[in-house]
Amino acid sequence: MAAAPGAAEREAVDAFLASLAEPAGEMPPPRHLLLPALHALVDAIGWVSEGGLNHVCERFGIPPAEAYGVASFYALLPTEPRAPVVIHACDDIVCRMAGAHRVAAVLEEVLGPAGGTDAVTWLPSPCVGACDRAPAAFVQRSNAENATVDSLAPGLPVERLLADLAGREGTDLALPLRSGSVRIPQVEDGAQGLRLLRRIGRVDPASLDDYQAAGGYDALRRAIDLGPAGVIREVTDSRLMGRGGAAFPAGRKWSAVASAPARPHFLICNADESEPGTFKDRALMEEDPFALIEAMTIAGFATGCEKSYLYVRGEYPVATARLDHAIRECRHQGLLGANVMGAGFDFDIEIRRGGGAYICGEETALFNSIEGFRGEPRNKPPFPTDRGLFGKPTVVNNVETLVNVLDIVLEGGPAFATLGTEGSTGTKLFCVSGSVTRPGLYEVTFGTTLRQLLDLAGGVTSGRRMKAVLLGGAAGTFVTPERLDLPLTFEATREAGAALGSGVVVVFDDTVDLADILLRIAAFFRHESCGQCVPCRVGTVRQEEALERLVAGGNEAALLEEIARGMGDASICGLGHTAGLAVRSALGLGLIGNGGPR
Amino acid sequence: MSAALEANGRTVALTIDGRDVAVPEGATLLMACRAAEIATPTLCFLETLAPVNTCRVCVVEVEGSRALVPACSRPAEPGMVVSTDSERVRHSRKMVLEFLASSVDMSLAGTEIHGWMETYGANPGRYGPVAESVAQPPKVQDDLYVRDYSKCILCYKCVQACGVEAQNTFAIAVAGRGFDARISTEFDVTLPDSACVYCGNCIGVCPTGALIFKTEFDMRRQGTWDESRQSVTRTVCAYCGVGCNLDLHVQDNRIVKVTSPLDHDVTSGHLCIKGRFGWQHVQAGLDDPAGPAPAPDTAPGSSSGSPPDRRPAS
């Protein structure tokens, strides 16, 4: 029989629904508020209980089986009792090189086995986007009294986190709002000529005044002068390519949506940065939130969107809090909402928190996630510019892509296009981590070679020799030290059979067990496959199994190649298409699997 | 669907395996393949449901498309150049069939599946004896039907039939993620505790025998299920005035399950609890239909739950 909700469960859901700009009255709220409502429940009581889910379903008029299907899709929405404080300890590619196993041992010793239900527990986690400070963790914290996002701490070094835990037993772990949590060595060194990173460390991310004093909102003013068509012309002329991994021309996307007859149009900023090794968008959002908001406003103005969603990774509570604060400030100053800047157009931004699912960074899965469904990708075609969110023409842009638009509008597309190379204009953020002297976020002009980038990062950790570099994250490919003069451009990497992806550069030295890294990558894809299509759902499992046998000395290279091909050819979406790339590339380069017995 | 296609009158010309094919505008590549009599394997596809293209066994190669595309859902476009028998297509179909057969019990799947496995050279054994599978005990929770998810390929058809495409009951949905994705009620509550209304339409669309009449399940366990001894009699359901066609599957003069033809205007294969399961009165007083027919008195004690309720009507 259906479990009845308790008072705390009722209160959590009802308070959320009452807090909406348009509070739900007697009528059931729209389905797209399901994920936020489930988040509210977990923030309050720590899990999606049967009674809580039933109450959500009663308010929304959604069948419990469907809502359970949605909740059980997301790692951060447990459907079984879980401790109110959960340390999600990253054991992904970079963190495992930095001692994630030792961290796990300490956590187990202090807190007991993973996944307990006492006051504090821990769970191994895929990349939490803090590879510059590996080993890292993020803390999910819930209780009925203090259930706001800023009660969650960001990726903190686990040692400090444990000290905090030991000293104050799960009390306030939040970072102060102004602390810089991403390592950006160029900023620390006062480097000149930075573009995307130029405000970081110099402009208070909590102050709209500060932002405007530093030239903020000049770009929107200029955009309004140019008009929507003028803005799109500049973006097209800039030859800006998407920075989220797919490298699609932004201008083409914008003009497709701008000219789409169906209304309304939607803008989505894809801030579900989850590719292992990536932390660039987190830096921009935490340290320069107004820039993203201004850029989104320009994008909305140019493409005829009045409504936009900013889908932030669930593991990024500080970014979420800072963006939330910045959006409120902008609304207050007439920079968001009705009649923006008095220029006669409306535009607003709604933040959505992800639920802990890498696949939701895939744009069509993201639509389903926002709409309140399981984050399963859709078929393409139709393409998002034609039928995207709620079936309407939708622009989806990555955070870094959008922030580039500010300078494009200010200096003009052709001027922007003089930076970089023919096929890759502007600058690019690279997340450099692993065996380097100064891991962190770097901004370089396209065309900079991999060697030059690694030199900026101080080169390989002293006393070690480089074995390989992983470009593009778990969905990326390996590059060997002989290829360090590879220019970092979309075209050169494509020609080399690699890809820049989201800008991940992980360096492995000769002490790193690459087989262990590849097994983790295989486990990552198995864990993050949505399960919808057979090639990916089963293929990622078979890949992991065959890789285990290969590492144990088995002759599995041919089978792994076939599995990778099958996933790459027949899967629905990019996750399946790329799930075998890293293994395939490591085998091709002889980084694993050569010389084993049998 | 087909009526809508014919109404339009316009056609799309494309090439499949080097042959010119013309299909009505809006037709899928699968329809085009079938029109051209090109055999195309399908598992998650059913004529009466919207294509979900999750199994990927119907993938074909379309010139200019980086990945293969599912024939079942991709509309034919003018000038498309399609290959259904290229090395890539054959390889992907082989892999999909191997992936399924190495992780799911396909013993009750249609015989054509085994034919495709042969056609494409699928060898599920090569994933080793310990390849992870979805093996699990069957869920026997009532007298009407059994859910044996060790046979589930996650084709989503039961969810569609339970939801907007037929029954609008929403008792089941896909839950979990990745290899842990599964068909489930909320919190895996039993069917009697769920919203299930026992229309059995999920059984009607299941391609692999994961959803199965309790009668068939019991008879298979007892070794008495024998389709060669079965006949199918079409009749009209007598419970109400809608006029649903019923196909009574009869073995040894006893009804053993009831289906409805997919192409029937009224049902599209779907029924309600009465039409699907309410036939015990027909054979009230006859011997146990699930028991060994020739000597019902010697039927072994069922260890898999209570026998169907078949109290005599008198």
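This report describes the overall dimensions, the confidence and one β-sheet of chain A.

The model is predicted. Chain A has an average pLDDT of 91, and 92% of its residues score at least 70.

| Stretch of chain A | pLDDT | Contacts in the model |
|---|---|---|
| Residues 144–158 | under 50 | 41 contacts beyond four places in sequence |
| Residues 166–179 | below 50 | 22 contacts beyond near neighbours in sequence |

Where pLDDT is low, the predicted coordinates should not be read in detail.

**Overall form.** The C-alpha trace of chain A spans about 70 × 65 × 50 Å along its principal axes. The radius of gyration is 23 Å, which agrees with the value near 25 Å that a compact globule of 598 residues would have. Of the 598 residues, 62% count as buried. The accessible surface comes to about 20500 Å², and carbon and sulfur atoms account for 51% of that area. Among contacts between residues at least 6 apart in sequence, 73% join residues at least 24 apart.

**Secondary structure and sheet.** Chain A contains 24 helices and 13 strands. An open sheet of 5 strands with mixed pairing has the order β10-β9-β13-β11-β12. Its edge strands, β10 (440–445) and β12 (477–479), each pair on one side only. Neighbouring strands of this sheet are turned by 30 degrees against each other on average, direction ignored. Helix α12 (residues 280–287) packs on the sheet and touches β9 (427–434) and β10; the direction of α12 makes about 110 degrees with that of β9. Strand β11 (residues 466–471) runs antiparallel to β12 and is joined to β12 by 3 bridges. Within chain A, Val469(A) stands opposite Val479(A) of β12(A).

Definitions and conventions:
Residues numbered from 1 in each chain as written. Chains lettered and ligands numbered in written order. Predicted model: local features only at pLDDT ≥ 70, side-chain atom pairs only at ≥ 80, totals over all residues. Heavy atoms only, no water. Pairing = 2+ DSSP bridges. Helix = DSSP H or I, 4+ residues; strand = E, 2+ residues; numbered from the N terminus. Axes fitted to C-alpha atoms, helices over the stretch in contact; angles between N-to-C directions. Contact = heavy atoms within 4.5 Å. pLDDT = per-residue confidence, 0-100. Rg over C-alpha atoms; globule rule 2.2 N^0.38 Å. Buried < 20%, exposed > 50% of the residue type's maximum accessible area, 1.4 Å probe, protein only. Areas by Shrake-Rupley, 256 points an atom, 1.4 Å probe, with all protein chains shown as cover.
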